[in-house]
Amino acid sequence: MTTAQIDRPILLSVRNLKKYFPVRRGLLQRVVGYVKAVDDISFDIYEGEALGLVGESGCGKTTTGRAILQLQPATAGTVLLEGQELTRLRGEALRRIRPKMQIIFQNPYSSLNPRMTIGRALIEPMTVHGVARGKAAEERASELMSLVGLNPYFVNRFPSEFSGGQRQRIGIARALSLNPQFIVCDEPISSLDVSIQSQIVNLLKRLQRDLKLTYLFISHDLSMVRFVCDRTAVMYLGKIVELGESDAVNRRPLHPYTQALLAAAPVADPDLEATRTRIVLEGDVPSPLNPPAGCHFSTRCPRVMDVCRRVEPPFKEVEPGHQVACHLY
Ligand code: SF4
């Protein structure tokens, strides 16, 4: 962890977070097992930091984001936002804290009401949470449009009149309308054309810097996360297996799974591409309903040892600010 990060206060603290989904069968819908989507993860996010959460689809990263925001109740664990425990909040207490934490969804279109003008979509949360009303809310909506690079005169248009990239800008403006401190960006560019992905990523980066926002940036793309985020956490089958500064995780990945992810990612430099070692992962990701004993990665790991199949590796710091869960360290 850099000195800069240590100097910053912790904004969000996640401890032993679990989210299990019951699996029901039969006429009586008896619970026959649990899908362990998020299985005992802990990390901190510092004020003004962007923390990336990376992994293949189904690894639990979106569920983590939703459990932190209390969009889905956690099975166990704690989430502290500026020291306030969120998992026990209900009703009005939870509603009061909502403006502080927002989400930018993967699919901007599904998160916008097609029958509501963009202006109304921006004003509605401000009115509901008492942030601004009437003329002040209209002015703020225009400001938000400019902030995300859209013409403020478009507030009377409907979502269908905008392109995918413009809709994502509207989704970002809506998330910003309540002046949040913390934003979960859930695969914010994966449904967009490649040609406009970099524009949205640059916009998110600029907003984070200018508005001093704190992000949990969820993505399956390690290189994208490296570009946006100070630190990167890698998730596999409900567990965080590696966490460190983004540069360190990309240059010196410690966990065999991170090494495999990086080896599979395309590299722009053809000379470097020619010299790279390929690590091909065998088999599919096991079911989170019945994860392997010991290390969850043991069924696919090219460096698996006997102990890996019996004992779950602890998540520990092996270099300053660089944590990994692997028996090799
Ligand atoms: Fe591979 Fe063992 Fe490390 Fe798991 S603990 S990643 S199986 S070496």
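A nonpolar core is a set of buried Ala, Val, Leu, Ile, Met, Phe, Trp, Tyr and Cys residues joined through side-chain atoms within 4.5 Å. Buried means under 20% relative accessible area, with a 1.4 Å probe and protein chains only. This is a predicted model, in which local features need pLDDT of at least 70 and side-chain atom pairs count only at pLDDT 80 or more, while totals for chains, interfaces and linings use all residues. Residues are numbered from 1 along each chain as its sequence is written, and side-chain values use heavy atoms, with hydrogens and water left out.

**Nonpolar cores**

- The largest nonpolar core has 53 residues, of which Val148, Ile172, Leu176, Leu204, Leu207, Tyr215 and Phe217 touch the most other members.
- A second, separate core holds 30 residues, among them Leu12, Leu51, Val79 and Leu89.
- Leaving aside residues up to four places away in sequence, Ile172 is in contact (heavy atoms within 4.5 Å) with Ile104, Val148, Ile200, Leu203, Leu204 and Leu207.
- In soluble globular proteins, nonpolar side chains tend to be buried together.

- Helices here are DSSP runs (H or I, at least four residues), numbered from the N terminus.
- Axes are lines fitted to C-alpha atoms, for helices over the stretch in contact, and angles run from 0 to 180 degrees between N-to-C directions.
- Helix 4 (residues 118-128) packs against helix 6 (residues 164-176) at an angle of about 25°, their axes being 8 Å apart.
- Helix 4 and helix 6 are therefore roughly parallel to each other, a label for angles under 35 degrees.
- At this packing, Ile118, Ala121, Leu122, Glu124 and Pro125 of helix 4 meet Ile170, Ala173 and Arg174 of helix 6.
- The axes of helix 4 and helix 5 cross at roughly 115° and come within 9 Å.
- On the helix 5 side, Ala137, Glu138, Arg140, Ala141, Leu144 and Met145 meet Ile118, Leu122, Ile123 and Met126 of helix 4.
- Ile118, Gly119, Ala121, Leu122, Pro125 and Met126 are buried in helix 4, and their cover includes helix 5 (134-147) and helix 6.

**Cysteines**

- With a disulfide taken as a pair of cysteine sulfur atoms within 2.5 Å, the count comes to 0 disulfides.
- Cys59 is in no disulfide, and the nearest cysteine sulfur, that of Cys229, is 14 Å away.
- Cys59 counts as buried because its relative accessibility is 4%.
- Cys301 is also buried, with a relative accessible area of 13%.

Key
Buried < 20%, exposed > 50% of the residue type's maximum accessible area, 1.4 Å probe, protein only. Helix = DSSP H or I, 4+ residues; strand = E, 2+ residues; numbered from the N terminus. Parallel < 35°, antiparallel > 145°, perpendicular 65-115°, else oblique.
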